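Here is a short report for a reader who is new to this structure. Take a look at the model before reading on.

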Amino acid sequence: MSTLNTNIDRLNGYLARFQDTGIQNLINGQTVPAASGVTFDTTSPVDESVICSVARSSAADVDAAAEAAKAAFPAWRDMPALERKKILIKIAEGIEARAEEIAFCECWDTGQALRFMSKAALRGAENFRFFADQVTAARDGKNLQSPTLMNVTTRVPIGPVGVITPWNTPFMLSTWKIAPALAAGCTVVHKPAEFSPLTARILAEIAHEAGLPDGVWNLVNGFGEDAGKRLTEHPAIKAVAFVGESRTGSLITKQGADTLKRLHLELGGKNPVVVFEDADLERALDAVIFMIYSINGERCTSSSRLLVQDSIREEFEAKLVERVNNIRVGHPLDPATEIGPLIAQEHFDKVTSYFDIAKEDGATVAAGGVTVGDAGFFVRPTLFTGAHNKMRIAQEEIFGPVLTSIPFATEEEALEMANDTDYGLTGYVWTADLTRALRFTNHLEAGMIWVNSENVRHLPTPFGGVKASGIGRDGGDWSFDFYMEQKHIGFALGQHKIPRLGA
């Protein structure tokens, strides 16, 4: 029996319980259906088969979850930090114990290749361990002495928070948001993307098995227009952390305005990777390919615009074409697969529409530009050449395995093109000239920049974008700044003169 067939058999074992019971909500520690009894089907992008039914939550379900989070907040906030730390570590251990189940379910639910998802659980566990280590220092502040006062600052958890996660790497991103919220002392209402609900349920189960008190972590499934909208409007929810499209981030901003929600929005990108002629071209080639074609190209930090210097363009693009044509497309549970299917029909239609848009704009489809097979949502990795920065393929977030190559002559031209977009999430610069790297990155409009490297995430560093790519930062102490309120207390050092009115 092949490894693929073995993996499929193991997957079927993990899916059996979902097929029997479906995915229901988890509110105040109890597994419950949607109040309306309405469900929807989640399907696999591999063969479009139904995985199971899922509770379709309405405002009533979100209300119940938000009230449960509100009721549980004081006790969780006041629990000794070391006790909360122990629970977070147990969650990490539970994730590691179910790593294969998480990876296989994520592959089947999202179409992501096992070679990447096999590490999803380990990265999720790392998030919980990292923030568990930060729990005891989360409330630390400063002593800011003035002539009349000893000024002390501290941080306190903001309260119940809403977390809305996307479908591209749902498990890891859920841990990324929820771990710091819990470490800060907040309670959570989590709404996962409707396209990928499996691992969110597994994660919530792991948390409760680790001893998390009822109501601290609530899971509501459903769609953005009903469950998501109510979550962003609910007065008991003090902050919302969202990962997804810029257009949806704008809607959430409007929906949260009446209750003055604090928002962290991690949104889209049209990220440039700039390759100068003096770069290590083989390493740059590896990084360019990895950052657009891994994770099926469905990642906000993908380097979807290649800006390559004229003098090396022809050679670099020729090597790109050869490598892109060799990328293995196939079943996500096959260890040899490098790209699996796109998430759903709607997204498949969007991505493939750019094949014609590129031709209409006058670009060349140098590789790919076609679908694969008759079942599922598979496309060939695609490369557009002969493009310029005003084309739609250079300005719009395609969010698939599609790279647009654009030539430049000078550093000034490269910088102008790199910044000529509504987005500003990440940028990648390849050059052997340190002075140029310092100069270029100083003026590049992006929240995160890597020089001579692909995206290598370091948890203590800030993660987030500028312009239409988002508001706020994740990571390290920046996460606590979002999930916690600053508090100042001034203690008089003596009897300083107080102005007297009406005396």
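The notes below cover an asparagine, a tryptophan and the cysteines.

The model is predicted.

**Asn296**

Start with Asn296. This residue sits in the loop that links helix H11 (281-293) and strand E13 (305-309). Asn296 is buried. A polar atom of its side chain lies 2.9 Å from the backbone nitrogen of Gly340. Neighbours within four places in sequence aside, Asn296 is in contact with Gly111, Gln112, Ile339, Gly340, Pro341, Leu342, Gly400 and Pro401.

**Trp478**

Next comes Trp478, in helix H17 (residues 476-483). Trp478 is partly exposed. Leaving out residues up to four places away in sequence, Trp478 touches Pro460, Thr461, Pro462 and Arg473. Take Pro462: 16 residues separate Pro462 from Trp478 in sequence, yet their C-alpha atoms are 6.3 Å apart in space.

**Accessibility**

| Residue | Relative accessible area | Class |
|---|---|---|
| Asn296 | 0% | buried |
| Trp478 | 39% | partly exposed |
| Cys107 | 0% | buried |
| Cys186 | 0% | buried |

**Cysteines**

A disulfide covalently joins the sulfur atoms of two cysteines. How many disulfides does the count come to? The count is zero. The cut-off for a disulfide is a pair of sulfur atoms within 2.5 Å.

Definitions and conventions: Residues are numbered from 1 along each chain as its sequence is written. This is a predicted model: local features need pLDDT of at least 70, side-chain atom pairs count only at pLDDT 80 or more; totals for chains, interfaces and linings use all residues. Side-chain values use heavy atoms; hydrogens and water are left out. Helices (H or I, at least four residues) and strands (E, at least two) are DSSP runs, numbered from the N terminus. Buried means under 20% relative accessible area, exposed over 50%, partly exposed in between (1.4 Å probe, protein chains only). A polar contact is a pair of N or O atoms within 3.5 Å; within protein, one must be able to donate a hydrogen and the other to accept it, and residues adjacent in sequence count only if both atoms are side-chain atoms. Contact means heavy atoms within 4.5 Å.
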